[in-house]
Amino acid sequence: MEPLLSSTLLLSALLGGFPSAPPQTPVTPARCVGLLCLSARPAEPREAPILSIRQAPGQVAAPLVDGRACPGCPKRRLGHAFIQATIINGFYELANLIRGQDTAKITPSTWWLNMKRGWEWDLDDFVVNQIGHPYQGNNYYTAGRANGLNFWESSALTAFGSGTWEFFGETNQASLNDLINTTLGGIALGEMFYRTSWLIRNTQKTGKARLWSEIGATVADPIGGINRFISGDSARVVEKPRDVVPSALGSTIVAGALWRGSNHETINSAGFGFLETEVLYGDPTTGRSRTPYDAFGLRLDIGGGSALSEARVRGRLIGQPYKGGAVQLNVAQAYQFNSNTAYRFGAQAFEVNLSFVKNFSSTVSMWTAGWGGVTVLGAVDSLPPGATPGEPPPEEPTDPDAGQGVSTGPRFYDYGPGTNFGGLFFLRHGARPFLLFSYEAHHLYIVDGIRANHLLQRMRLDLRAPLKGRVGIGGAAEFFDRRTYYQTEGVAAGKFRFPQVRLYLTWSAS
Amino acid sequence: MIRRLTFIVVALALFTPLPAAAQATPPAPGAIEPPLRAGNKWIVVGGVWTTSLGDCTDCEEREYRHTGSLLSNIGWSINERTDVGAEVMFVASKANTDDRIRLTFLMASFQYRPWRTNGFFLKAGAGMAFVHNWILNVENDRPSFRSKAFALAIGTGWEWSLGRHFGAQVIATHHAAALGDLQTSARTVENVMGNLWSVGGTIVIR
């Protein structure tokens, strides 16, 4: 439940409003995007390359002052980072022990046994593996960030935390899928939460306003926040590190109802309420970038038939403009979680995307993008031959000898690597899109579970119109298509289609 | 022959660099000097001693086997601590039935040195493994097959500089090849997994 709770609190914090920072030195004016305000950022040419705080051109490390790469940066403490990753493991282990989990009764002999047996695929629940483990990985990652490590260093720390947890944190055999989900998912969620916490934090305030901004930031990034309270950084009045101030920020909250159909009926009359949050941090359509996640997109979809029906983070790792900036090439990392009638899907992926923006007038523009990439590991709900997606799994007898917390299976979803591709087309008036079309496809080659190739496709067309001020109205037509090609000869492929429509109100922060 | 060749490569990599490294790094013994720059190539070639374990859900006994393997990386440094590229590892062994076992890992690889002033590194990779036979013992059924597998590797080690462009590593890795379910003549063998632990030495060119 921790990830859901954290996400909900984050959303509450985002809606709560944050003060803007007064300019100190020659700066670009503070920009307010709805209730969210970006603090002032030292003026720089728009075309200037955005570099890591420790990487000047040519990748020569900048000298540290007082152990800090910049006045607002945390002190660089590599040893502390590794120790804190181990403490986080100790915390999760203790929590499992208090809950009475048999898997928490670790001893040196279970460590040795785990090292001797190597990796396996585990049988845990879909949500535990696709949300819980990435959230745990986010804790290791933010421990690295809180101790002054950069993106790549914190990524390695996440792998360290995840690997040590798998071998030494539980009596279970080390899980291959957990290592990947915790590490890659942890990096994606960790950098997103880290940057979100810096949006909330106002380092130029003092007193209660400062305290509440630090508490709000701690909700988004607990490890970073705790480190700041312990070190006293939570009270220092300094400028924010430059690389955590986005060049742009846009967000839209969408609330309404959706209705689904299936192979058998066009649209079911029973609908579901939903709340969707879209955040675009930075500007992925422009700029030479070597700072990972200086631009990322976040989508969080609550309700709509599941407690959490979609969570997606797509962060730019490298960006390069071509043709004088007319075309933008980005390499991105993606974390994805979907739960709907058509499929339950989770993935850790990398992709290359190509986009361009065309301005038709001073206010109307078009943004088009296409992407393709590799899914390192994806999970999709099992679909035995002849079965229909969304059917409840059959009742299976539980193993009475299994200890508490020991997953004995069967597991109703499958794992495998694959590919992904898609595209989007937006027409925008100012910063607000009024026509949005997106298409995405995911192919998975299952290596653990029912041997099959899955092709999951989704199309969505939104039309939005302003009502008053920041409030608007909109509707969407969606189409899910799921195809399963079994590797066993003679078994017919499964093909399923699910239409879906949405009606909603929007609130745009820009 | 391969085993002997591997042994020679491992022995050379393990023992030859030590005195040279001590002379080549006066400011901080073991340090990587000069500082690595982004964009440098990253080429690693060496040999490792590999212990492998065949496993599956219903396997009756789990056999450990020992053999030599070849390990290679090619890529570039993205900053002074981090290398990215591709990894190839070739493992050759024999089953009890004298069937040849061949495993080739082809993966994206990532290596990271937490400290700039010493040679300790962490390593990880993911990709594919191409498998020709594997150690299995399911109701005395030893299927012969070719299969692709999902591959993952983690590792750690130490790198010594031997000059501006050359270095040597000692390395310990854990590779996993997840073959999924295998169809034999009699039944489906579920959740077949190969775990390989390796230690050895490599030459590094930057």
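A crossing of two helices is right-handed if the near helix is turned clockwise from the far one by less than a right angle, and left-handed if the turn is anticlockwise. In the predicted model described here, the crossing of H6(A) and H7(A) is of the right-handed kind. Helix H6 of chain A comprises residues 176-200 and helix H7 of chain A comprises residues 207-220; their axes come within 8 Å and cross at roughly 165 degrees. Because angles over 145 degrees count as roughly antiparallel, H6(A) is roughly antiparallel to H7(A). On the side of H6(A), the contact is made by Phe193(A), Thr196(A), Ser197(A) and Ile200(A), and on the side of H7(A) by Ser213(A), Gly216(A), Ala217(A) and Ala220(A). By class, the residues of this contact divide into 4 nonpolar and 4 polar, with no charged residue.

A further helix pair in chain A is formed by H3 (residues 108-117) and H5 (residues 151-169), which pack at an angle of about 115 degrees with their axes 8 Å apart. From H3(A), the residues Trp111(A), Asn114(A) and Met115(A) meet Glu166(A), Phe167(A) and Phe168(A) of H5(A). The contact of H3(A) with H5(A) contains 4 nonpolar residues, 1 polar residue and 1 charged residue.

Over all chains, the structure holds 1 disulfide. The bond is formed by Cys70(A) and Cys73(A), with the sulfur atoms 2.0 Å apart. The angle about the S-S bond is 95 degrees, and the link of Cys70(A) and Cys73(A) is right-handed. Since buried means under 20% relative accessible area, Cys70(A) counts as buried at 16%. Cys73(A), with a relative accessible area of 2%, is buried by the 20% cut-off as well.

In chain B, Asp99(B) is placed in the loop between strand S3 (82-94) and strand S4 (100-112). The relative accessible area of Asp99(B) is 32%, so this residue is partly exposed, a class that lies between the cut-offs of 20% and 50%. When residues up to four places away in sequence are not counted, Asp99(B) touches Ser93(B), Lys94(B) and Asn133(B). Between Asp99(B) and Leu70(B), the separation is 29 residues in sequence and 20 Å in space, taken from C-alpha to C-alpha.

Conventions:
Residues are numbered from 1 along each chain as its sequence is written. Chains are lettered from A and ligands numbered from 1 in the order in which they are written. This is a predicted model: local features need pLDDT of at least 70, side-chain atom pairs count only at pLDDT 80 or more; totals for chains, interfaces and linings use all residues. Side-chain values use heavy atoms; hydrogens and water are left out. Axes are lines fitted to C-alpha atoms, for helices over the stretch in contact, and angles run from 0 to 180 degrees between N-to-C directions. Helices (H or I, at least four residues) and strands (E, at least two) are DSSP runs, numbered from the N terminus. Contact means heavy atoms within 4.5 Å. Ala, Val, Leu, Ile, Met, Phe, Trp, Tyr, Cys and Pro count as nonpolar, Asp, Glu, Lys and Arg as charged, and the others, Gly among them, as polar. Angles under 35 degrees count as roughly parallel, over 145 as roughly antiparallel, 65 to 115 as roughly perpendicular and the rest as oblique. Buried means under 20% relative accessible area, exposed over 50%, partly exposed in between (1.4 Å probe, protein chains only). A disulfide is a pair of cysteine sulfur atoms within 2.5 Å.
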